[in-house]
Amino acid sequence: MSKKTTVKAGGKAAAGKTTKKAAKPAAKSTVKASKKATAPAKKKQSFGGLSEEILLRMHNLMVKSRVLEERLIKIYKAGEAYFWIGGPGEEAWGVALGMLARKGSGPENDWLHLHYRCTPTMVALGMDMIDSIRLMMNRATDPSTGGRNFSSHYCFPQWNVAPVTSPLEVQYPIACGTAHVQKRAGKGAISIVTGGDAGTAEGDFASCLILASRKGQELPMLITVQNNGYGISTPYEGQHGETNIADRAAAFNIRSRVINGNDPIETYLALKEEMEYIRKTGKPSFIEAKVTRLYGHSSADGANKKPHLFDPVLTFEKNLIDAGILDAKAAKKIWENYEAEGVSAQEQARQEPVPTPESVWDHVYVNSENADWRKF
Amino acid sequence: MASIAQAIRMALHYGEANMGVKDIFGQDVGAPLGGVFTATQGLETAWNSTLDERGIISMAMGIAMGGDRCVAEIQFADYIFNTIDLLKIAGNTLWCTNGQIQLPMVVMTPVGAGIFGSVYHSHSFDAWASRLQGWKIVMPSNPLDAYGLMLSAIEDPNPVLYLKSKALMRHKGDELIPGEPADEKELKAMIDKPVQNSEGWKPRWPELEKYMVPIGKGKITHAGEHITVVTYSRMVHLCDEVAVKLAEEGISVEVIDLRSIYPYDWPMIKASIEKTGRVLFVNEDTEVTNFGEHLAYRATQECFYQLMARPRVLAGKNLPGIGLHPNLEKNSVPQIHDIELAIREVVAEVP
Ligand SMILES: Cc1ncc(C[n+]2csc(CCOP(=O)(O)OP(=O)(O)O)c2C)c(N)n1
């Protein structure tokens, strides 16, 4: 378990307190495959005391998410979609987050203000593969945007999943608004917000830290940053002077920690502890998760796998097999089944209707009230 | 009679007491001041935000997304510009989510010149606002409309931008708000915070009634036959004044107070142009890419063969700012004599 770095400034001190498994939170944060990280965890005890059921569920969802993402990339490369962006490499972080969120609608449940690399979280919440594929292929049946927006721009109001927006970081202070409503409702629900490391240069990130931490008016928020070491092509060093982004939260008296987001166990336990803290105290908490950007930025830079990078799904799977928790054959079957599900979902989505030209006027206003000035 | 600031305050009180408004917030909106124009004084749910316009708009979006009603204020429209992309997002959220996420939020902000506020307290926002798709935009010219449009804005399930003229904040109308005491002093004693010994002060609100001015409906403030003048907000009063003056010379001016920028009352404009055959659009936003230009374009397209003269737009000069000295301000935004001159020119034009 990593320790909190609350208030204590100084990256080094904070870094020293992360677990031995945590990736070094030094400036160079692209997580490379290292001997240490891939060392087999043979003993069941090394899984943080999590039940086999949780471990296997986590593995299953991580595989599902990976297969889905790779399917989306294939759809893009086959010319059946215009743009891909997503979260392969973030499964350890994202799945744990989705498993732990209090899922449902209304202020008594958690709100999730996600960015575009959160497919693993959506899969863990229970999103069907086909619904991601419908979004990718811009079908009218896409439940998030009706074919209007990019891949991974999810919106599931039935689970309080706020719409993903293309402008980076605006989700951070918007999350303060839902947290404010949840605080008033007093049911222990929290607002969770995720985003990238480069995006933290936007003022909206600071807006969020300020709004969440005002004395006596603290908001129940889990503020997170997934630090994959890059903003498109600009490396971490290109914009950060601070050692850890989490150190910035400390300046606002927000409890904060840096974790190895490639380790599902560390992530799960850290998230659980922080969520409990937020629900209990009504105060914010901040997690910086070091993650892998396994397929590059997006289809804009090719979306090809970077085999030298740490792969959280394969590593976790190997650890489970080595520990005798998972059977290698059973694991293979899981991959195959999801692969088949992805293929048939793509085939089905291909048959489904696309948005009609006239539908541009739908939903400009509530109840599709006339928005066309020619008709005023 | 209530001032526009008092009318807004009463509308917001009605909103929090009867329409589910749970947050009224912005810079200095809460106690002790109640807003730099006192439009939020004494309100139960009013609170002071951080000094962060983007934070204010984002919070409002989150509150609306979370299912509560709120009214957020940007202290001066001059400072709303750094929130443009958030306003865009608020306006496109329903569309982008294919109708799934509604953002019923009201953002109000003081606009325009007329108080010698210089470069950063005189901006207009109506033309910019008209390009924020998904928003409704209203701009009242008198206290009763200010009240009725605020209730409509609160009730509307879409985001609504409520642009209030700084220069009109102390303006008093000639119609009572339903429930407002007829005696101005009595109203003041009830809802204005005393300047001295105000500790523990609480407003005594009159028994206000629900009164709605529908969004998208204009009002003819001066009926006439020879020319249609389409305007809104502060300029309504200037145009009315000119209309009264010119009536003495036999020039009959019809003044339309648009009240809503979007959606706008085209049937009213069109019917009036068809009657008068002449039209002038007046507002104080800058003239290049002005909202009045859109209306003039439409008038040309749809009323071309009924027009006796070229449609004209009279607006603020295309300058980087409005200088503080009265000579500068008055030569930047339309004044009474400019309006009079423009009307005379259009009326004199012969096809
Ligand atoms: C406000 C804004 N500016 C620029 C962009 C273009 N853009 C898209 S992703 C990206 C990089 C984001 O990097 P980071 O925040 O580290 O997140 P990551 O993609 O690495 O997860 C940029 C600049 C944008 N979407 N929004």
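Chain A exposes about 14500 Å², of which carbon and sulfur atoms supply 55% (Shrake-Rupley method, 1.4 Å probe). This is a predicted model, in which local features need pLDDT of at least 70 and side-chain atom pairs count only at pLDDT 80 or more, while totals for chains, interfaces and linings use all residues. Residues are numbered from 1 along each chain as its sequence is written, chains are lettered from A and ligands numbered from 1 in the order in which they are written, and side-chain values use heavy atoms, with hydrogens and water left out.

Visitor: What makes the reach of helix α11 of chain B close to the expected one?

Guide: The expected span is 1.5 Å times one less than the number of residues; α11(B), residues 336-348, has 13 residues, and its reach of 18 Å from first C-alpha to last is close to the 18 Å expected. Helices (H or I, at least four residues) and strands (E, at least two) are DSSP runs, numbered from the N terminus.

Visitor: Which residues of α11(B) are buried, and why are they said to line one face?

Guide: Buried means under 20% relative accessible area and exposed over 50%, with partly exposed in between (1.4 Å probe, protein chains only); the buried ones are Ile339(B), Glu340(B), Ala342(B), Ile343(B) and Val346(B). Seen down the axis of α11(B), they fall within an arc of 165°, so they line one face of the helix, the arc being that of the directions from the axis to the C-beta atoms. On the other side, His337(B), Leu341(B) and Ala348(B) are exposed.
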